[in-house]
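These are reading notes for a colleague who will go through the coordinates alongside them.

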Amino acid sequence: MARKSRSNRNRRRTEERRMIDQAKTWFVVQTLPLRERKAVEALAREGVDTWLPQYRVTVKRRGRIVEAEEKWFASYVFVGIDGALMNRLGTSVLFNCEHVLRVLGVREPLPFPSDALQLLADRLAGHDRDDTEEGQRRAAAARFQVGEMRRIVNGPFMSFFAEVEEVLESGVIKAGVRLFGRMTPVEFTPDQLDAA
């Protein structure tokens, strides 16, 4: 049996930009272990759209370097059913499919929002990156947690400490700075606070 050494792994994105059909109802099915591809083939024979997100890794096996494909979500497959098939068979086509254990949901299958699935597909393919200055500022601001103390490294309050109160979607960080014995609200950009 080939063992994978985590230190010898090199992940590379192989997902092409996947366009999720918004007209279909999407579900998440759990498959038997290591049977994701067989489940995808069986579901395709039933006329169901599937998506199995994968990435490429370079691993060392028995002294040789080998390229392999790994799944982002082991034992799970995203499944889309169009309206006509849904009206005719409902979700029974998923339950009756070979290699499928169950459909995620508590009492009944829980639909997965197609817009959230498209967002996930873009993120896994690396197409969600915003390389503009504002996008980089938003990404840097997302690393700050509300309630943590950070040293101010740039600007008029340099060397003071600020307590993060709010991180705005625009990439601006609202923080409280202790001035003259009381907390004063001040807005910062991520580069003005210590990255910790």
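1. Tyr55 is a reasonable residue to start from: with a relative accessible area of 4%, Tyr55 is buried. Please keep in mind throughout that the model is a predicted one.

2. Overall layout. The protein chain contains 5 helices and 11 strands. Of its 196 residues, 36% are buried. The chain exposes about 12700 Å², and 49% of that area is supplied by carbon and sulfur atoms. Among contacts with a separation of 6 or more, 62% are between residues 24 or more positions apart.

3. Largest nonpolar core. Which residues touch the most other members of this core? The core has 17 residues, and the ones in question are Val29, Leu43, Val48, Val77, Val79, Ile81 and Leu94. Two or more residues come from each of strand E2 (25–31), helix H1 (36–45), E6, helix H3 (92–95) and strand E7 (100–103). The most is given by H1, with 4 residues.

4. Val29 as a member of that core. With neighbours within four places in sequence left aside, the contacts of Val29 include Leu43, Val77, Val79 and Leu94, each of which is also listed with Val29 among the residues that touch the most other core members.

5. Second core. A separate core of 12 residues is also present, and Ala141, Ile173, Val177 and Leu179 are among its members.

6. Thr50. This residue sits in strand E3 (residues 49–51). Thr50 counts as buried because its relative accessible area is 13%, below the 20% limit. Beyond its neighbours within four places in sequence, Thr50 is in contact with Arg18, Val40, Leu43, Val77, Phe78 and Val79. Leu43, Val77 and Val79 in this list also belong to the largest nonpolar core, and Phe78 belongs to an aromatic cluster with Trp51, Phe73 and Phe112.

7. The four-stranded sheet. How many strands form the open sheet, and in what order? There are 4, arranged as E8-E9-E10-E11, with antiparallel pairing. Strand E8 (149–151) and strand E11 (182–188) are at the edges; each has a single partner strand, so one side of each has no neighbour in the sheet. From one strand to the next, the twist averages 40°.

8. Pairing of E9 and E10. Strand E9 (residues 161–167) pairs with E10 in the antiparallel sense over 5 bridges. Within this pairing, Glu166 is opposite Lys174 in E10. The two strands form a hairpin with 5 residues between them, and Gly171 in the turn has a positive phi of about 95°.

9. Pairing of E10 and E11. Strand E10 (residues 173–179) and E11 are antiparallel and pair over 7 bridges. Val177 is opposite Thr184 in E11, and Arg178 is opposite Met183 in E11. This hairpin has 2 residues between the strands, and Phe180 takes a positive phi near 55°. When checking the turns, note that the positive phi belongs to a glycine in the hairpin of E9 and E10 and to a phenylalanine in the hairpin of E10 and E11.

10. Burial of E10. Is E10 mostly covered or mostly uncovered? The strand is mostly covered, with 5 of its 7 residues buried. Val177 is one of the residues of the second core.

11. Aromatic pairs. The structure holds 5 of these. Tyr55 and Trp72 make a tilted pair, 4.7 Å centre to centre with 55° between the planes. This pair links distant parts of the chain: Tyr55 lies in strand E4 (residues 54–61), and Trp72 lies in the loop between strand E5 (64–71) and strand E6 (76–81), 17 residues apart. Tyr55 is buried, whereas Trp72 is partly exposed, with a relative accessible area of 26%.

12. Phe157 and Phe160. These two residues form an edge-to-face pair, with 6.4 Å centre to centre and 85° between the planes. Phe157 is partly exposed, at a relative accessible area of 23%. Phe160 is partly exposed as well, at 35% relative accessibility.

Note on methods: Residues are numbered from 1 along each chain as its sequence is written. This is a predicted model: local features need pLDDT of at least 70, side-chain atom pairs count only at pLDDT 80 or more; totals for chains, interfaces and linings use all residues. Side-chain values use heavy atoms; hydrogens and water are left out. Rings of Phe, Tyr and Trp (its six-membered ring) pair if their centres lie within 6.5 Å; planes under 30 degrees apart count as stacked, over 60 as edge-to-face and the rest as tilted. Buried means under 20% relative accessible area, exposed over 50%, partly exposed in between (1.4 Å probe, protein chains only). Contact means heavy atoms within 4.5 Å. A nonpolar core is a set of buried Ala, Val, Leu, Ile, Met, Phe, Trp, Tyr and Cys residues joined through side-chain atoms within 4.5 Å. Accessible areas come from the Shrake-Rupley method with a 1.4 Å probe; for residues, only the protein chains shown count as cover. Two strands pair if DSSP finds at least two bridges between them. Axes are lines fitted to C-alpha atoms, for helices over the stretch in contact, and angles run from 0 to 180 degrees between N-to-C directions.
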